[in-house]
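Hello,

Please open it next to the text as you read.

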Amino acid sequence: MTTAATVVLLPFIGAVAGLLGSRWPRGRSRTEENNARAARRAAWLAIVPLPVALVLLGYLVWRTRVGPGLDWPPGTFYADLLPGFRSGAWGVIETGGVPITVGLQIDGLSVLTAILVCVVALGVQVYSVGYLRGDPRYPSYAAFISLFTSAMLLVVFAADLLVLYVGWELMGLCSYLLIGHWWEDRGNSRAAVKAFLVTRLGDVAFLFGIFTLGFAAGSFRIADVLAADLPEGTLVAATLLLLGGVAGKSAQVPLHTWLPDAMAGPTPISALIHAATMVAAGIFIVARLFPIFPQPTLDVLGVLAAVGMLGAALAALAQDDLKRVLAYSTISQLAYMAAALAAGSPGAAIFHLMSHGAFKALLFLCAGAVIHHVGSNLLSHMGGLRRVLPIPFWTMTIGFAALVGLPPTSGFFSKDGVLLALEHSASPIRLLLYGSALITVGVTGAYATRAWLRGFFGEQAPLEPAHGHAAPPTMLWPLVVLTVPTLLFGFLGAGDLALGSAAVTLVVGLLGVAIVLAAWRAAPAADPARLLGPFRAPCEEAFYLDRVYDRLVTRPTMALALLVVRTDTSVVDGAVRGSGQLTLRLSRLVKLAQQGNAQLYVTGLLAGVLLIVVGAVVL
Amino acid sequence: MHVVYPVVVAALLFSIGVYGVLARRNTILVLMSVELMLNAVNLNLVAFDVWLRDVLHGGQVLTLFVIVIAAAEVGIGLAIVLAVYRNRRTIDLDRLRELGEPVEPPVGDRG
């Protein structure tokens, strides 16, 4: 148990030390040399905890390799792989109502997810050293990544719903801070606020879901909640509320709009958010509490996922911004995981979550290297980069292959696992899920190929490299290292491969690839997104959902806020100013008596004394 | 002698003093009226001291204090009157109104 606590605390200590210590002693001038020294120190403080945590996680793998497990559905890969289960608590907070247990739990799900989190965080931290070289705010940035990692690890290991919620909220805060890292640009800070508010909207529902579960079960401990025999209505209400938080954090359909805008942050942050921390949390929590999710909630999740995966994939096909392509791809892939959950297979969802974590981190870091070189996010500014950037080209090719699901990458196995789960699920919306997923496989092949071709092939863009030098080795090593899990992780699930379903998936995916390839060969200079025809504009705008939200939510809220401001100035301030002016007017009356004639004053005084005396005598 | 006689005399003196303070325009006369009031009080103090047969003669002692203070007060008062006269060439109380509010007060609108 202490090991798990150490794993959670190590990045946290790194964050605190980085925030407090990187410029210590205080009062040093912010010269170039001092900034560089602070950045070096911050980089060490941020990176060192992660390998240590990984070593400890290796020990936890060894500890959980055998043991009496929890009741997972058969075929759940993490429960088969690491069946052990341990939990411990460091105390109980008495609240007067249901107590909060400060405890952690270790099982296959949490250990494997934690390994993913630490590997991706390590890659991102090393990569950021090169990516943010010379950024004066690098120390705080690195510390926030550490805090982010720590919060995610807390979510992963928490044995109590409210402890989990602490990590959940910390992640919301860190995503806000990191997306808005370059807050000097108004758009970036707006994107950060949007991410914070939209996920917060879900978090409110999530918190109430936790309350519902906790009060119904009489305990916030996850094990107790899972073991409690709750009535169906309570479960449906609670899990639907939880689903709000899941949709917010994992960017599922009604609340996904923050994710594409979150591309305003530095690219490594996008890698971290999309691969390891923020968006994984939503899927993780559903998998963690999967036994209590009743069928109606899963159906709702399934419908959202079916709509989300296809819509986001189509939106990805039309984007011109490379990072937004990847962002919509993330929404689409997360919808796959949600669909697997809805189909009743948390194993397939978590398997895809982990392989997606590896290859999406790889894709984002490659995109970062490309953007670093080109100095622009737009695909139309790229082209012909395969000769200039050989390492990002090859690693990104592997990443895209995994995204499309080509063998032997991990994406092939995990996507096949998801589709297999959808095909064989007992869900009433099985056909919708399976059909949508199959079409999305084709669209995924199309948009991945499009981004690949537009970025690396064709005419080289005439842009000068923005930074004037190639990416530093700290940016290239994480790419190479991340290709290893991208290529090999899938073989963990190779035993469950069903050849027929895999062949169908592969054919559909290759069909998407082939269509775009053919379109590109016909006209290499044109954007293959023209294949969408009249749907291109709606897809590029992500089906105008942002505008709808703007009309339905943002503008009424702004109008209400303006009304409040006006009430404040006219009514509240008016009362304050009015009382002041009233006093002034009254004082003018009183001033009439003060003429400077001392005898008049004395007369008044005497009259007053007489009045008092007479009053005292009479009364 | 009955105590009523000095008390009535003192009351009359005091009333004259009050009238003088309130009604006279000449500052010196106002000062003199104040003296009248003080002396009315002194008369009361002495009369009641005798009438109550005070062993410690508190009334008489207090009277001595009042006389001393009245002397000092007149000294200061006359000095002020002198200074006012030198500055303004008048000691008419009705015209010494600089302490009062100006007739058209400049009132700000913002609190």
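**A helix pair in chain A**

This is a predicted model. In chain A, helix α5(A) meets helix α6(A). The α5(A) side of the contact consists of Ser110(A), Thr113(A), Ala114(A), Val117(A), Ala121(A), Val124(A), Gln125(A) and Ser128(A). Facing them from α6(A) are Tyr141(A), Ala142(A), Ile145(A), Thr149(A), Met152(A), Leu153(A), Val156(A) and Phe157(A). By class, the residues of this contact are 11 nonpolar, five polar and no charged.

An α-helix has 3.6 residues a turn, so residues three or four places apart point the same way.

How are the two helices set against each other? Helix α5 covers residues 108–131 of chain A, and helix α6 covers residues 138–157. They pack at an angle of about 175 degrees, and their axes are 9 Å apart. Angles over 145 degrees count as roughly antiparallel, and α5(A) and α6(A) are therefore roughly antiparallel to each other.

**Helix α7 of chain A**

Helix α7 of chain A runs over residues 161–179, 19 residues in total. From first C-alpha to last, α7 of chain A reaches 27 Å, close to the 27 Å expected at 1.5 Å a residue. Is α7(A) enclosed or open? Of its 19 residues, 15 are buried, so α7(A) is largely enclosed by the rest of the structure.

**Backbone points to check**

Most residues other than glycine have a negative phi, and most peptide bonds are trans.

- Pro407(A) and Pro408(A) are joined by a cis peptide bond, with omega about 5 degrees. Pro408(A) sits in the loop between α17 (390–404) and α18 (410–423) of chain A.
- Arg53(B) is not a glycine, yet its phi is positive, about 50 degrees. Arg53(B) lies in the loop between α2 (27–51) and α3 (58–88) of chain B. Arg53(B) has 7 other C-beta atoms within 10 Å, so it is exposed.
- Arg89(B) also has a positive phi, near 60 degrees, in a residue other than glycine. Arg89(B) is in the segment after α3 of chain B. With 7 other C-beta atoms within 10 Å, Arg89(B) is exposed.

**Where the chains meet**

How many residues of chain B are in contact with chain A? There are 14, and they touch 15 residues of chain A. The chain B side of this contact has seven nonpolar, two polar and five charged residues.

Best wishes

Definitions and conventions:
Residues are numbered from 1 along each chain as its sequence is written. Chains are lettered from A and ligands numbered from 1 in the order in which they are written. This is a predicted model: local features need pLDDT of at least 70, side-chain atom pairs count only at pLDDT 80 or more; totals for chains, interfaces and linings use all residues. Two residues are in contact if their C-beta atoms, placed from the backbone, lie within 7 Å. Ala, Val, Leu, Ile, Met, Phe, Trp, Tyr, Cys and Pro count as nonpolar, Asp, Glu, Lys and Arg as charged, and the others, Gly among them, as polar. Helices (H or I, at least four residues) and strands (E, at least two) are DSSP runs, numbered from the N terminus. The expected span of a helix is 1.5 Å times one less than its number of residues. A residue is buried if 20 or more other C-beta atoms lie within 10 Å of its own, exposed if 12 or fewer, and partly exposed in between; C-beta atoms are placed from the backbone. Axes are lines fitted to C-alpha atoms, for helices over the stretch in contact, and angles run from 0 to 180 degrees between N-to-C directions. Angles under 35 degrees count as roughly parallel, over 145 as roughly antiparallel, 65 to 115 as roughly perpendicular and the rest as oblique.
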